[in-house]
Amino acid sequence: MNLSFTGEYNYSIDQKGRLNIPAKFRKALDPENDNTFVITRGFDPSLIVYPIIEWKKVEQQLLLLSSIKNKDRSFVRSIVRFASTSKYDSQGRIQIPDILMNYGRINKEVTIIGMINKIELWDNSELNKIDNNNEDPSFEELANEIKF
């Protein structure tokens, strides 16, 4: 089965800090994933949600970095330090830790964006700021590198 998260959805976080993962995304998961996600900080003021199988691939890549070089250690630490495992419940909700919600500046309304093998969670106003600043001319260069 090829994993493919695509599209954008708007959901609300409930009072207990739970977020519903879109049914389309849950259906795309391999049964080996065991309904489990790993949530961590993104590089923007956003959160990244990995299916556990994809997270294990991230861990394997991080293991290739040096534990001696300060830059490598700091990078690995920044990725794994806040990683939190969450199994979705019968209603498709995952628990988002407060520390991650604070990092993503997420209050209640969340934009969920499929990023092929992972999911991004954004506070709507933070995403609007990024969207308004994405008049990047290098996008055309990147588009030319990809064969559509």
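For the charge search I counted a charge as sitting over a ring if NZ of Lys or CZ of Arg is within 6 Å of the ring centre and within 35 degrees of the ring normal. The model I searched is a predicted one. With that criterion I found R26 lying over the face of Y88, at 5.7 Å from the ring centre.

Next I turned to the ring pairs, and my search of the whole structure returned five aromatic pairs. Because Y9 belongs to strand β1 (residues 8–12) and F25 to helix α1 (residues 23–28), the pair ties together parts that are 16 residues apart in sequence. For accessibility, I noted Y9 as partly exposed with a relative accessible area of 22%, whereas F25 is buried at 0%.

I then checked F43 and F75, an aromatic pair that I recorded as stacked, with 6.2 Å centre to centre and 5° between the planes. This pair also links distant parts of the chain, since F43 sits in the loop between β3 (36–41) and β4 (47–51) while F75 is in helix α3 (residues 70–80), 32 residues apart. I noted F43 as exposed, at 64% relative accessibility, and F75 as partly exposed, at 36%.

Lastly I asked which residues the ring pairs link into a cluster, and I wrote down F5, Y9 and F25.

Methods. Residues numbered from 1 in each chain as written. Predicted model: local features only at pLDDT ≥ 70, side-chain atom pairs only at ≥ 80, totals over all residues. Heavy atoms only, no water. Phe/Tyr/Trp six-rings, centres within 6.5 Å; stacked < 30°, edge-to-face > 60°. Helix = DSSP H or I, 4+ residues; strand = E, 2+ residues; numbered from the N terminus. Buried < 20%, exposed > 50% of the residue type's maximum accessible area, 1.4 Å probe, protein only.
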